[in-house]
Amino acid sequence: MAQFRRIAVILAGEYRTWPTASRYLFELFQDRAEQVDYYFVTWNYVGIPQDDGSVLAVTDSVILQPFQQYGKTLVDYRILEPIGKKAATFYNQAYLAKVANLLKRQQERREGFVYDQVVETRHDIFLYKGARTPWEPCREYEIESKGLHDRNPVEDGFAYMDDFYYRSTSFTNDIMANRYSFRNDVEYYNTSKLVDSIDRFHSNHYLLRKYIDLKHITVRSQGDRDYDTMTAIRPNFPTGVDFNSLLWDQLHLLFDSYGRPNEEKFFNAGSPHPIEHH
């Protein structure tokens with residue numbers, strides 16, 4: 001028997017490796033509720049550069065195909081033009097999450113209900129299935145995530161939060177979706193030793209931590225899945241093999257060897273001209 005009556009899964013972020021990751025994300029959420037509704041919001045380009053440096057356009061068909069293949073419920077989706085926040089991960093991601101949240105709220109108002117739980121995650125995430133243990137329901141002002149970190153050695157020791165998975169009540173998801181309006185403080189900008197001025201002012205993990213602290217949201221980590229075996233699927237991952245059958249070290253090495261796509265830095269967000277899929 002399903003644990004919840006109805007949950008929403010918000011997929012917001014770069015399209016990247018969605019055709020591959022979709023299968024694993026669907027497996028992660030299947031049977032968690034009597035009805036699992038998906039919302040999908042992304043930019044109008046794939047986000048992984050081709051050999052010639054060009055980017056491919058995201059179209060309706062490439063979004064819809066996995067939902068049709070696996071028989072999942074996509075309630076609504078949007079393909080958006082870049083907003084011009086070049087190399088500012090926090091605001092790009094927050095904008096997509098905000099739009100997805102509006103779609104979720106419209107559905108709740110249209111049908112006169114409220115989701116039991118809402119998950120916000122990305123299109124390229126892989127998480128080992130692990131044991132199908134029951135979810136501990138989040139209460140208001142609670143988030144199930146990897147947790148908080150009091151010191152990030154990469155970002156000058158500032159406290160931070162991971163940014164790939166949040167489960168909460170629908171109300172708390174509404175609060176998280178408002179983070180786009182949040183701005184970093186001048187103190188962090190002046191004291192950070194990061195070289196890139198954009199990263200100094202828009203550090204994604206630091207801003208997330210600041211925002212949830214400001215909103216008095218409690219972050220817990222009670223094991224929706226094994227957080228230590230999470231990765232982002234890159235184009236160099238092998239095809240024709242179940243990632244759950246591979247050792248974590250193998251996937252981690254593949255992720256590290258590919259590196260980050262850094263799409264915001266190579267893509268001219270002010271003049272989007274992705275080319276169509278062939």
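Mentor: A residue is called buried when its relative accessible area is under 20%, exposed when it is over 50%, and partly exposed in between, using a 1.4 Å probe and protein chains only. Helices (H or I, at least four residues) and strands (E, at least two) are DSSP runs numbered from the N terminus. The model is predicted, so local features need pLDDT of at least 70 and side-chain atom pairs count only at pLDDT 80 or more, while totals for chains, interfaces and linings use all residues. Residues are numbered from 1 along each chain as its sequence is written, and side-chain values use heavy atoms, with hydrogens and water left out.

Trainee: With which strand does S1 pair over 8 bridges, and in what sense?

Mentor: Two strands pair if DSSP finds at least two bridges between them. S1 pairs with strand S2 (residues 33–43) in the parallel sense over 8 bridges; within this pairing, Ala12 stands opposite Val41. S1 also pairs in the parallel sense with strand S4 (residues 117–121), over 5 bridges, and there Val9 faces Val119.

Trainee: What unit do S1, helix H1 and S2 make?

Mentor: For handedness, look with the strands pointing away from you: a crossover is right-handed if the path from the first strand over the helix to the second runs clockwise. S1, H1 (residues 18–29) and S2 make a right-handed β-α-β unit.

Trainee: How many salt bridges are there?

Mentor: The rule asks for a side-chain nitrogen of Lys or Arg within 4 Å of a carboxyl oxygen of Asp or Glu. By that rule the count is 15. One of them joins Asp124 to Arg234, with the closest N and O atoms 3.5 Å apart. Asp124 lies in the loop between S4 and strand S5 (125–127) and Arg234 in the loop between strand S11 (230–232) and helix H8 (248–258), so the pair ties together parts 110 residues apart in sequence.

Trainee: Are Asp124 and Arg234 buried or exposed?

Mentor: Both Asp124 and Arg234 are buried. The two also belong to a network of salt bridges that links them with Arg16 and Arg122.

Trainee: Which salt bridges does Glu142 form?

Mentor: Glu142 forms one with Arg139, at 2.8 Å between the closest N and O atoms, and another with Arg220, at 3.0 Å from N to O. Arg220 lies in strand S10 (residues 218–220) and Glu142 in strand S6 (residues 142–144), so this pair ties together parts 78 residues apart in sequence. Glu142 is buried at 9% relative accessibility, and Arg220 is buried at 10%, whereas Arg139 is exposed at 58%.
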